[in-house]
Amino acid sequence: MNIFIEFCLVSCKVLWTFVLAGTRWLVRPKEKNVMGQVCVITGAGSGLGRHFAKEFARRRATVILWDINWESNEETAEMVRQIYSDITNRNPEGSVDGEEGDVSQIQPKVYTYLCDVSKREEVYLTADKVQREVGNIDILINNAGVVSGHHLLECPDELLERTMMVNCHAHFWTTKAFVPKMLELNHGHIVTVASSLGLFTTAGVEDYCASKFGAIGFHESLSHELKAAEKDGIKMTLVCPFLVDTDMFKGCKIRKEIAPLFPPLKPEQCVQQAMRAILTDQPMICTPRIMYMVSFMKTVLPFDAIVCMYQFLGADKCMYPFLAHRKEAMNNNESKLPSIQQPAIQQLPLEKKLC
């Protein structure tokens with residue numbers, strides 16, 4: 001009898017979650033204030049990471065930029081400093097962008113750190129340095145990522161391993177470095193920037209898909225662990241964008257008649273939608289919204305039906321032009337190098353950074 005009553009209560013709670021989810025569509029939740037909070041962003045030197053840094057800077061958060069490329073990381077930092085300067089010039093006193101509070105007491109800063117997130121010890125050392133020089137962090141954006149750009153059987157093992165290390169394993173290291181203090185304070189926000197290719201797959205990018213599936217699995221398991229520990233003050237947001245209009249997957253194509261329905265996302269648009277999800281504590285955001293439907297269909301349709309749909313859409317081989325473009329670019333780069341230098345340099349263009 002007790003389990004029957006409990007089942008009825010759980011059913012009511014489930015129905016109530018549907019009501020709350022529907023309400024979010026009708027009434028936009030109020031965004032939380034991150035002014036003065038400290039945000040760590042991995043892969044901040046370009047792409048989505050750079051846009052995340054700029055968005056948090058506009059909200060007067062202190063941003064900590066991690067990247068493997070010092071020069072591009074400093075370029076992002078300079079953009080952030082300019083945003084801080086513009087805000088100060090426009091609003092020397094009073095509120096900023098509609099936020100209440102005495103901003104004269106808040107002086108956000110930008111910090112840059114050179115870090116290869118695929119190396120565990122380097123992540124731990126950099127995180128320790130951040131905590132000593134800046135203090136506790138409030139928001140962790142796991143954004144750094146790479147793609148090898150090779151067919152599986154043609155891809156060097158080292159690049160396969162690096163894809164998994166950067167796109168998936170790095171999330172373990174950053175979480176272990178920063179989350180203990182979040183648990184102690186029961187406060188924080190962890191953001192996983194994954195991909196639609198972590199929800200469903202396509203041919204030719206097995207390593208990338210596997211790494212993003214792993215990142216999503218890690219994120220969801222960590223979410224359940226925080227709930228089980230009753231740490232409701234720590235929020236989590238999973239970001240799963242469709243192809244973003246960067247050099248990441250340049251050349252990727254689906255059927256030309258269908259392509260206008262699935263245009264590549266502008267990086268600014270992608271990050272703005274992700275920011276709305278983060279600032280309203282939304283657990284997950286897929287962009288564009290049709291990706292929710294695609295993910296749902298994958299779970300209910302037979303595999304052969306999915307294959308038929310992929311072939312109709314041209315999604316089964318959509319990465320092949322991208323892989324061919326990358327291979328051609330590599331061959332061109334290698335042909336321009338002196339033969340004595342090629343063994344040392346030819347690995348450089350093999351991987352592409354996603355930020």
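Two strands count as paired if DSSP finds at least two bridges between them. The model described here is predicted.

Strand E6 spans residues 188-193. It pairs with strand E7, residues 234-241, in the parallel sense. Six bridges join E6 and E7. In E7, Thr237 is the bridge partner of Val191. From E6 the chain crosses through helix H6, residues 206-228, to E7. This β-α-β crossover is right-handed. E6 also pairs with strand E4, residues 139-142. That pairing is parallel too, with four bridges. Here Ile141 stands opposite Val191 in E6.

E6 is mostly covered, and six of its six residues are buried. Both faces of the strand are covered. Gly188, Ile190 and Thr192 lie on one side. His189, Val191 and Val193 lie on the other.

Attention now turns to the pockets. The largest pocket has a volume of about 1,400 Å³. Its lining is made up of 34 residues. Arg24, Asp281, Gln282, Pro283 and Met284 lie nearest the centre of this pocket. Five elements are named as giving two or more residues each to this lining: helix H1 (2-26), H6, E7, helix H7 (267-279) and strand E8 (284-287). By class, the lining of the largest pocket holds 16 nonpolar, eight polar and 10 charged residues.

The second largest pocket has a volume of about 870 Å³. Its lining counts 40 residues. Nearest its centre lie Phe200, Phe242, Ile254, Tyr310 and Ala315. Helix H8 (290-300) and helix H9 (303-313) are the elements that give two or more residues to the lining of the second largest pocket. H9 provides the largest share, seven residues. The lining of the second largest pocket divides into 28 nonpolar, six polar and six charged residues.

Key: Residues are numbered from 1 along each chain as its sequence is written. This is a predicted model: local features need pLDDT of at least 70, side-chain atom pairs count only at pLDDT 80 or more; totals for chains, interfaces and linings use all residues. Side-chain values use heavy atoms; hydrogens and water are left out. Buried means under 20% relative accessible area, exposed over 50%, partly exposed in between (1.4 Å probe, protein chains only). A crossover is right-handed if, with the strands pointing away from the viewer, the path from the first strand over the helix to the second runs clockwise. On a 1 Å grid over the protein atoms alone, a cavity is a set of points where a 1.4 Å probe fits but cannot get out, and a pocket is an open set with protein on both sides within 12 Å along at least five of seven lines; lining residues have an atom within 4 Å of a point. Grid points are joined across faces, edges and corners, and a volume is the space filled by probe spheres set on the points. Ala, Val, Leu, Ile, Met, Phe, Trp, Tyr, Cys and Pro count as nonpolar, Asp, Glu, Lys and Arg as charged, and the others, Gly among them, as polar.
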